[in-house]
Amino acid sequence: MHPFDALSDVDLLARCRDGSDAAWNTLVRRYQRLIYTVPRRAGLSGEQAADVFQATFTRLFEHIDRIEDGSRVRAWLVTTAKRESLRLLDEARRTVDLAAERGGHDSDAGDGPEGDLLDRFAHPAPLTEDLLSDLQQQDRLRRALALLDDRARQFLELLFLQDEPLPYSEIAARLGIAEGSIGPTRARCLDKLRAALARL
């Protein structure tokens, strides 16, 4: 066990600001499993999850001096990972739309359905966005969610918009559905969300 493993997030963040590589590595190890979970639950591939992971910690490095409350770093990382995951989903949808406009075949889209494309879609490197872009994306997502029926909106909020990912068992209990139905329900609700985003 590394001595830094016993430090609080507040202390780790302070040492990261001072340039400690050991503190940074400890912080990444502490939350790497959690951050990988966010894009995987969004239905993204392992390669895409790695892109979200890299982009999330890149943004933390870039904004580390702006995080005043170190105890909130966990929630900050989860929120950033959600934004990156939603950006990939939205960009994949636009790629599908572009392929449809061109006659249904885009060089990156292949011949499979949209779900197949989402599994293959990945950036060669993470794209960084400034705070304004993040806020615009949040606003667009909020407006799209408002267009959904109550059931679909509640499902997506429980699955993706919590400070920390909820276990599938808890989501199923809150919604009164079987845990095994979460996957198909997620696919249907994401389809509805993509359609709502397309109308904005």
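Predicted model: local features only at pLDDT ≥ 70, side-chain atom pairs only at ≥ 80, totals over all residues.
Residues are numbered from 1 along each chain as its sequence is written, and side-chain values use heavy atoms, with hydrogens and water left out. Local features need pLDDT of at least 70 and side-chain atom pairs count only at pLDDT 80 or more, while totals for chains, interfaces and linings use all residues.

**Salt bridges**

A salt bridge here is a side-chain nitrogen of Lys or Arg within 4 Å of a carboxyl oxygen of Asp or Glu, and by this rule there are seven.

Select D5 and R29, whose closest N and O atoms are 3.2 Å apart in a salt bridge. This pair links distant parts of the chain, with D5 in the segment before α1 (9–17) and R29, 24 residues away, in helix α2 (residues 21–41); helices are DSSP runs (H or I, at least four residues), numbered from the N terminus. D5 is partly exposed at a relative accessible area of 30%, and R29 is partly exposed at 41%, where buried means under 20%, exposed over 50% and partly exposed in between (1.4 Å probe, protein chains only).

Next select E84 and R87, which form a salt bridge with closest N and O atoms 2.7 Å apart. Both residues lie in helix α4 (residues 73–101), three residues apart, about one turn of the helix. Are they buried or exposed? R87 counts as buried at 7% relative accessibility, and E84 counts as buried at 3%.

Then select D149 and K192, whose side chains meet in a salt bridge (3.1 Å, N to O). D149 lies in the loop between α6 (131–146) and α7 (150–160) and K192 in helix α9 (residues 182–199), so the pair ties together parts that are 43 residues apart in sequence.

**Cavities**

A cavity is a set of points on a 1 Å grid over the protein atoms alone where a 1.4 Å probe fits but cannot get out, and lining residues have an atom within 4 Å of a point. The whole structure has four cavities of 30 Å³ or more, a volume being the space filled by probe spheres set on the points, which are joined across faces, edges and corners.

For the largest cavity, of about 90 Å³, select L86, L89, D90, L193 and L197, which lie nearest its centre among the 10 lining residues. Helices α4, α6 and α9 each supply at least two residues of this lining.

Finally, select L86, L141, L145, L156, F160, L161 and L193, which line the second largest cavity, where about 40 Å³ of space lies.

How values were computed:
1 Å grid on protein atoms, 1.4 Å probe; cavity = no way out; pocket = protein on both sides within 12 Å on 5 of 7 lines; lining within 4 Å.
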